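Open the model in your viewer and keep the selection tool ready. Each stop below says what to pick next and what is there.

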Amino acid sequence: MVVLHYTAMRSADAACAALCDPARQVSAHYLICEDGTVWSLVPEAARAWHAGAGAWGDVTDVNSRSIGIELAHPGAGPFAAAQMDALCHLLPGIMARWAIPPARVIGHSDMAPGRKIDPGPSFDWRRLAWLGLSVWPQPAGVTPPATAFRPLLTRIGYTADADDATLLAAFRLRFRPRATGPLSPADMVLIADLAARFPVDASAPRA
């Protein structure tokens, strides 16, 4: 899979120094600067320490099964156009080399809900989905009951050890970043669509 992050640091140079410092015990395969420059820091075939604890689908050791891409970004505000362009040029090659489907291009917040929030609410997931580089819901059909919340999220890939409220917050951060309040039919119709069209774990319950 591919896991997308932001650095939450003052500059790409500062982020690069941290990612290359053995004492920090953190690394990533790529760092994309604000101006679109792409720095390759760890060979794709090697394990990088970017994900930490969490899970996606049946993968619990995410570091060993993923390519980590860091976006130099302070954590608030839009991502630079050149930076997003560079990401959209980088991802297709990675996905082709490792046979990674769009449903396994995720955010750090997806696999570590409650612990991480990057790449955050300003990240343009719709653009990636439009290019076939990730997924986006197209709500249609019958809205399932709230009792299907957890099984359908599991089918999408949200299998990290977290309570329902934390998982809902992680889902909304990516797909409904302005939504608030308890679980709603608007959430459920999006979850159902993603579970039907992009099951990460096809053996998980449908409802």
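**Before you start**

This is a predicted model: local features need pLDDT of at least 70, side-chain atom pairs count only at pLDDT 80 or more, and totals for chains, interfaces and linings use all residues. Residues are numbered from 1 along each chain as its sequence is written, and side-chain values use heavy atoms, without hydrogens or water.

**Stop 1: α5 and α6**

Select residues 149-156, helix α5, and residues 164-175, helix α6. Helices here are DSSP runs (H or I, at least four residues) and strands likewise (E, at least two), numbered from the N terminus. The α5 and α6 axes are 11 Å apart, at an angle of about 50°. That makes α5 oblique to α6. Axes are lines fitted to C-alpha atoms, for helices over the stretch in contact, and angles run from 0 to 180 degrees between N-to-C directions. Angles under 35 degrees count as roughly parallel, over 145 as roughly antiparallel, 65 to 115 as roughly perpendicular, and the rest as oblique.

Now show side chains. From α5, Phe149, Arg150, Leu153 and Ile156 make the contact; from α6, Asp164, Leu167, Leu168 and Phe171 do. Contact means heavy atoms within 4.5 Å. The α5–α6 contact has 6 nonpolar residues, no polar ones and 2 charged. Ala, Val, Leu, Ile, Met, Phe, Trp, Tyr, Cys and Pro count as nonpolar, Asp, Glu, Lys and Arg as charged, and the others, Gly among them, as polar.

**Stop 2**

**Stop 3: the largest cavity**

Which residues line the largest cavity? Select Trp56, Ala103, Ile106, Val135, Ile156, Arg174, Phe175, Leu194, Phe198 and Val200. They divide into 9 nonpolar, no polar and 1 charged. About 60 Å³ of space lies inside. On a 1 Å grid over the protein atoms alone, a cavity is a set of points where a 1.4 Å probe fits but cannot get out; a pocket is an open set with protein on both sides within 12 Å along at least five of seven lines; lining residues have an atom within 4 Å of a point. Grid points are joined across faces, edges and corners, and a volume is the space filled by probe spheres set on the points.

**Stop 4: the pockets**

Select Thr7, Leu19, Val26, Glu70 and Lys116, which lie nearest the centre of the largest pocket among its 18 lining residues. Its space is about 310 Å³. The lining has 7 nonpolar, 7 polar and 4 charged residues. α1 gives the most, with 3 residues.

Move to Met1, Ser64, Arg65, Ser66 and Trp98, nearest the centre of the second largest pocket, which 16 residues line. About 210 Å³ of space lies there.

**Stop 5: two backbone details**

Zoom to Asp118 and Pro119. The peptide bond between them is cis, with omega near 10°. Pro119 is in the loop between α3 (108-111) and α4 (125-130).

Finish at Ala8, in the loop between β1 and α1. Ala8 is not a glycine, yet has a positive phi of about 55°.
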